[in-house]
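Hi,

Here is the structure I promised to pass on. Have a look at it first, then read my notes below.

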Amino acid sequence: MTTVAPESDVRRHELADFLRSRRERITPEQVGLPRGRRRRTPGLRREEVAQLSAVGVTWYTWLEQAREIQVSAQVLDALARALQMDSSERAHLFALAGGTDPAAHTPCSSVTPAVQAMLDQLAPFPACVQNSRYDILAYNATYGRLLCDLDALAPEDRNCLWLSFTNAGWRAAVADPEELMRTMVAKFRASMAEYLADPAWKHLVARLEAESAEFRELWARHEVVGQGSRAKYIRNAHVGLLHLEHTNMWLGPAAGPRLVTYVPLDEETRQRLEQLQTLVDEPALV
């Protein structure tokens, strides 16, 4: 007579094997950890995954040993991020654990041609798509020259928080840079609460701390504030002072990508945006 293991046992062992395989494929360098001299384990160690996921080492070890323990959706989310799982792997992880993925319907951060066409049609109003980490994922021509020349920057530097602390042109265009930076850091910290174990978020913080004493001082305050719309003054290098209404419109859950628009609040600003549009359409004039 053949004994069949309960389905729950099969799932736990499959989950353990899956986690182990994902852990062993990631190098320490990929998540910003030192390799060290005496590393026999391929990929990451269990304690390193626990550290990146903000869970206990013993608890994670039990998970890889297929012990009968309960796993929350929040912990599964942290493990998926720490182990850099793609959407298919993430779905498989939650299926094996019998959990519901809270981000299952979050749209992909990639920008489709239709979204880019929408941004282009909004010109001369500056507009872009950002994620909650302030990465600029796409933008139209007037946004590309609103605060600095985004086209001249490497893609990894097209991040509003990074530019606020490191780009002289960006800072010069903002009417009140000190207040803007304080608010942005507070918004970033509030958003990061959902991504504490995400290597990309941690890398950006480390990069800013290494580059900017101003950021280190603001980050140490632990201030938080929510997202919102407000009026702004921007000193554009090509057409002068602009008075704009800054608005966020989310393309999915509030933690996901958002459409950011700048609408003129007076006729003079509208005319100056049209001038900026003319300039960017004729690169030799900018």
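Let's start with a helix pair: helix 2 (residues 46-53) packs against helix 3 (residues 57-64) at an angle of about 115°, and their axes are 9 Å apart. Axes here are lines fitted to C-alpha atoms, for helices over the stretch in contact, and angles run from 0 to 180 degrees between N-to-C directions. Helices (H or I, at least four residues) and strands (E, at least two) are DSSP runs, numbered from the N terminus. On the helix 2 side the contact (heavy atoms within 4.5 Å) is made by R46, E47, V49 and A50, and on the helix 3 side by V57, Y60, T61 and E64. Those residues divide into four nonpolar, one polar and three charged.

Two notes on the model before going on. It is a predicted model, where local features need pLDDT of at least 70 and side-chain atom pairs count only at pLDDT 80 or more, while totals for chains, interfaces and linings use all residues. Residues are numbered from 1 along each chain as its sequence is written, and side-chain values use heavy atoms, with hydrogens and water left out.

Now the overall picture. The protein has 13 helices and five strands, and its C-alpha trace spans about 85 × 40 × 35 Å along the principal axes. Among contacts between residues at least 6 apart in sequence, 52% join residues at least 24 apart.

The five strands form an open sheet in the order 2-1-5-4-3, with antiparallel pairing; two strands pair if DSSP finds at least two bridges between them. Strand 2 (136-139) and strand 3 stand at the edges with a single partner strand each, so one side of each has no neighbour in the sheet. From one strand to the next, the twist averages 30°. Strand 3 (residues 230-236) and strand 4 (residues 240-250) run antiparallel and are joined by seven bridges, with a hairpin of three residues linking them and I234 opposite L242 in strand 4. Strand 1 (residues 127-130) pairs with strand 5 (residues 258-264) over four bridges, also antiparallel, and A127 stands opposite T261 in strand 5. Helix 6 (residues 113-122) lies across strand 1, strand 2 and strand 5, at about 150° to strand 1.

L259 counts as buried because its relative accessibility is 7%. Leaving out residues up to four places away in sequence, L259 touches M118, L119, A127, C128, V129, T247, N248, M249 and L251.

Finally, helix 10 (residues 177-192): its 16 residues reach 22 Å from first C-alpha to last, close to the 22 Å expected at 1.5 Å a residue (the expected span is 1.5 Å times one less than the number of residues). Twelve of the 16 residues are buried, so helix 10 is largely enclosed by the rest of the structure. What covers those buried residues includes helix 8 (160-166), helix 9 (168-173), helix 11 (199-211), helix 12 (213-219) and strand 3.

Cheers

Note on methods:
Ala, Val, Leu, Ile, Met, Phe, Trp, Tyr, Cys and Pro count as nonpolar, Asp, Glu, Lys and Arg as charged, and the others, Gly among them, as polar. Buried means under 20% relative accessible area, exposed over 50%, partly exposed in between (1.4 Å probe, protein chains only).
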